[in-house]
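Please open the structure in a viewer and follow the selections below in order.

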Amino acid sequence: MVPFGGWDMPVQYAGVKAEHDAVRTRAGVFDVSHMGEFRVQGPDAEAFLQRVTTNDIGKLKPGRAQYNWLPNEAGGLVDDIYVYRVGAEEFLLVVNASNVAKDWAHLQAHAAGSDVQLTDESGRWGLLAVQGPEAAALLQPHLDVDLGAKKKNAYFPARLFGQDVWLARTGYTGEDGFEVFVDAEGAEALWEKLLTLGLTPAGLGARDTLRLEAGFPLYGHEFAEDLHPLASTYTWVVKDKEHVGRAGIQAQPPVKLIGLALERVPVREGYPVLLNGQPVGHVTSGTSSPTLGHPIAMALVQADAAHEGAYEVEVRGKAQPARRVELPFYKR
Amino acid sequence: MQTPNELKYAASHEWLASDGTVGISDFAQDQLGDVVYVELPEVGRVVTAGESIAVVESVKTASDIYAPASGTIVAVNEQLSGNPELVNSGPYGDGWLFKLDVTEEGGDLMDAEAYTAANG
């Protein structure tokens with residue numbers, strides 16, 4: 001167990017590789033109850049969220065979920081979030097555990113003067129993520145809704161093992177799967193029931209290797225308050241609309257996020273990236289990819305040095321060859 | 001968790017055998033998880049007890065390995081370059097790291113009982 005965002009989180013149960021492989025080939029379950037949840041309600045809810053996020057909330061229909069960003073005025077990110085639309089005037093936001101207090105203060109400040117009610121429901125919800133190619137087939141017999149009719153990013157109430165839950169066909173692994181919102185008091189019982197389905201319990205370690213293979217950025221690594229978010233590959237999250245970060249985000253980012261593949265030596269966050277022997281950036285996330293069998297990394301490099309094919313990463317004083325590869329590293 | 005009685009253990013989780021063989025403990029490999037890469041010292045290198053001389057990398061992190069004794073590196077486990085997971089499967093056997101011609105042991109080495117007590 002490790003402390004993380006005020007929670008004690010399991011890094012691994014049986015081992016990162018076994019958990020990772022289970023999610024890629026069958027299905028696993030993550031306890032991600034540490035994530036924060038805010039409810040946003042009221043006549044101005046949509047207009048408020050349009051203003052504080054970069055993606056187009058107007059395109060988000062009830063019963064659907066949308067990946068989104070909370071920009072600051074300088075164009076950095078306060079957080080990257082998921083927005084779930086419950087109804088015309090009601091939304092649920094899921095935010096990173098380590099950013100709950102910061103996000104709450106940011107949203108409160110921008111809500112002043114709007115007819116919108118914010119509720120911090122972080123303590124109310126447990127959140128279990130069932131992920132993997134067999135996730136739907138394993139859950140279906142224990143649900144009162146037809147998962148076949150629920151496409152990616154669907155968000156809907158259901159009864160699972162007789163417990164009232166909300167399900168979203170979303171996740172952070174690059175696999176099909178569902179995130180299950182359950183009352184915090186009912187989360188442990190549901191976890192136990194899910195394990196009886198043969199789901200492999202998976203920890204933060206596998207969550208990180210899976211998301212990295214899938215090319216998903218992670219707040220604190222690929223995103224930060226002082227980092228231009230358009231350096232990432234997720235530029236589609238910024239729509240042409242008025243929002244808090246519009247002026248800051250419009251500038252061209254001086255750095256760009258790239259994917260690197262290495263032969264043998266794993267590279268870690270902070271390691272220097274070299275081009276022709278000169279430092280041009282640094283690794284933001286790195287691991288040995290369990291699926292691909294070799295080390296992979298995301299790195300931020302100077303924009304004018306981001307289109308080469310071959311780089312080196314300095315590992316303990318030695319330059320290791322790395323080639324640039326398209327993100328994501330792995331696609332289902 | 002295995003902690004063989006015939007070995008000595010450093011607080012930093014290396015074990016030292018009477019013939020100078022060095023590895024990491026069962027406890028350490030379990031904590032590290034899946035080992036994916038091992039960087040070993042050069043044969044012939046003269047090392048000082050407590051000096052960082054190797055690196056064991058798991059999926060998640062890189063961990064320094066410290067010399068449990070002063071001496072000269074006389075052999076390294078070449079098998080680990082192709083099969084680093086041997087550190088997980090046989091921390092006291094095929095997963096050994098290197099062999100030292102010991103001139104002086106580190107001052108804080110523990111016996112199995114003390115090491116187990118420290119990592120209970």
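Begin by selecting residues 1-239 of chain A, where UniProt, in an unreviewed entry, places the feature "domain: GCVT N-terminal". UniProt annotations may be inferred rather than shown by experiment. The model is predicted, with local features requiring pLDDT of at least 70 and side-chain atom pairs pLDDT 80 or more. Residues are numbered from 1 along each chain, and chains are lettered from A in the order in which they are written.

The span 1-239 of chain A is 24% helix and 31% strand, with its end C-alpha atoms 39 Å apart. Helices are DSSP runs of H or I with at least four residues, and strands are runs of E with at least two.

Next, select helix α1 (residues 16-25) and helix α6 (residues 204-213) of chain A, which pack at an angle of about 50 degrees with axes 8 Å apart. Show the side chains in contact (heavy atoms within 4.5 Å): among them are A:Val16 and A:His20 of α1(A), and A:Ala206 and A:Leu210 of α6(A).

Now move to residues 256-331 of chain A, listed by UniProt as "domain: Aminomethyltransferase C-terminal" in an unreviewed entry. This stretch is 0% helix and 58% strand, and its end C-alpha atoms are 21 Å apart.

Finally, display both chains. The contact takes 16 residues from chain A and 15 residues from chain B. About 1300 Å² is buried between chain A and chain B, counted as accessible area (1.4 Å probe) lost on being put together, summed over both.

Definitions and conventions:
Side-chain values use heavy atoms; hydrogens and water are left out. Axes are lines fitted to C-alpha atoms, for helices over the stretch in contact, and angles run from 0 to 180 degrees between N-to-C directions. Buried area is the accessible area (1.4 Å probe) that two parts lose on being put together, summed over both.
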